[in-house]
Amino acid sequence: RFERNGLLGCVDLGGNWVIQPRWEWMDTSYLYDGLILVQDPETSLYGFIDLTNRIVLEPQLKDEPKYGIGHIVASVPNGDDEKYGVLDLTGHWMIEPRFDNLNVFSARHGIATARKDGLWGVIDREGRWVCEPKFDSIGSFDNGFCLAPAEIDGRYGYINPQGEWVIEPQSHWADDFEDRSGLAVVCTRNRYGCII
């Protein structure tokens, strides 16, 4: 990755431009899937190119996307706001942008937490609600228990992907379960402890 006249491109080992310097910013950490994240200097929107300098996804993304295994969570402008969807690794929308926020899919369980109208729920890989949005926040399901901390009315407990309470909301704060230890940190009345 090299800069010329304030714009970024890529050169090969011989110093020849492989990707002409035309981008305001670029991230090559997606390269193991053959993609380079680029930012257009005129619009400041993000898109993807490949190693042949072909535009895979025209710059249309509002923020730097989140990378999951086999997919990319990205947002597009929507008036003064933005909507989140899911791209495959060829730059095509698997789930059209329609969520207010979205996290990457769990590598183990194939579900993701999504926010709509200010509340969080759980979706499957087709973008269908597994659990309708009803929580103030939801943590990660990516553990062997497939449980996530969830908040409702200022109290935290643990839910399964269908949104059913496995541990009733009784803490003031709760963290994700750790795979290695099988523990999760919780806080009640400013005192921290672990549950198993």
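User: Which residues does leucine 37 touch, not counting residues up to four places away in sequence, and what makes a pair a contact?

Analyst: Happy to start there: leucine 37 touches Trp25, Met26, Asp27, Tyr30, Tyr46, Gly47, Phe48, Glu64 and Pro65, with residues up to four places away in sequence not counted. Contact means that heavy atoms lie within 4.5 Å. Bear in mind that this is a predicted model, in which local features need pLDDT of at least 70 and side-chain atom pairs count only at pLDDT 80 or more, while totals for chains, interfaces and linings use all residues. Residues are numbered from 1 along each chain as its sequence is written, and side-chain values use heavy atoms, with hydrogens and water left out.

User: Why is leucine 37 called buried?

Analyst: Its relative accessibility is 0%. Buried means under 20% relative accessible area, exposed means over 50%, and partly exposed is in between (1.4 Å probe, protein chains only), so leucine 37 counts as buried.

User: Where does leucine 37 sit, and how far is its C-alpha atom from that of glycine 47?

Analyst: Leucine 37 belongs to strand S5 (residues 36–39). Strands here are DSSP runs (E, at least two residues; helices are H or I, at least four), numbered from the N terminus. The C-alpha atoms of leucine 37 and glycine 47 are 5.8 Å apart, although ten residues separate them along the chain.

User: What makes a set of residues a nonpolar core, and which residues form the largest one?

Analyst: The set must consist of buried Ala, Val, Leu, Ile, Met, Phe, Trp, Tyr and Cys residues joined through side-chain atoms within 4.5 Å. The largest core has twelve residues: Tyr30, Leu35, Leu37, Tyr46, Phe48, Val56, Leu57, Leu61, Ile72, Ala74, Val76 and Leu87. S6, S7 and strand S9 (71–78) are the elements that give two or more residues to this core. A second, separate core of eleven residues includes Ile111, Ile138, Cys146 and Ala150.

User: How do you know that S6 and S7 are paired?

Analyst: Two strands pair if DSSP finds at least two bridges between them. S6 and S7 have three bridges, in the antiparallel sense, so by that rule they pair. In one of these details, tyrosine 46 has leucine 61 in S7 as its bridge partner. The two strands form a hairpin with five residues between them, and asparagine 53 in the turn has a positive phi of about 75°.

User: Where is aspartate 50, and why is it called buried?

Analyst: Aspartate 50 lies in the loop between strand S6 (46–49) and strand S7 (55–61). Its relative accessibility is 12%, so aspartate 50 counts as buried.

User: What makes the pair of aspartate 50 and threonine 52 a polar contact?

Analyst: A polar contact is a pair of N or O atoms within 3.5 Å; within protein, one must be able to donate a hydrogen and the other to accept it, and residues adjacent in sequence count only if both atoms are side-chain atoms. The side chains of aspartate 50 and threonine 52 meet at 2.6 Å, and this is a polar contact. Leaving aside neighbours within four places in sequence, aspartate 50 is in contact with Ile19, Gly34 and Val56.

User: Why is the pair of phenylalanine 99 and tryptophan 129 called edge-to-face?

Analyst: Rings of Phe, Tyr and Trp (its six-membered ring) pair if their centres lie within 6.5 Å; planes under 30 degrees apart count as stacked, over 60 as edge-to-face and the rest as tilted. By this rule the count comes to six aromatic pairs. For phenylalanine 99 and tryptophan 129 the centres are 5.5 Å apart and the planes at 90°, so the pair is edge-to-face. This pair links strand S11 (residues 93–99) to strand S15 (residues 129–135), with phenylalanine 99 and tryptophan 129 being 30 residues apart. Phenylalanine 99 is buried at 1% relative accessibility, whereas tryptophan 129 is partly exposed at 27%.

User: How do you know how many disulfides there are?

Analyst: A disulfide is a pair of cysteine sulfur atoms within 2.5 Å, and the count comes to zero. For cysteine 146, the nearest cysteine sulfur, that of cysteine 131, is 12 Å away, and cysteine 146 is in no disulfide. Cysteine 146 has a relative accessibility of 15%, so it counts as buried.
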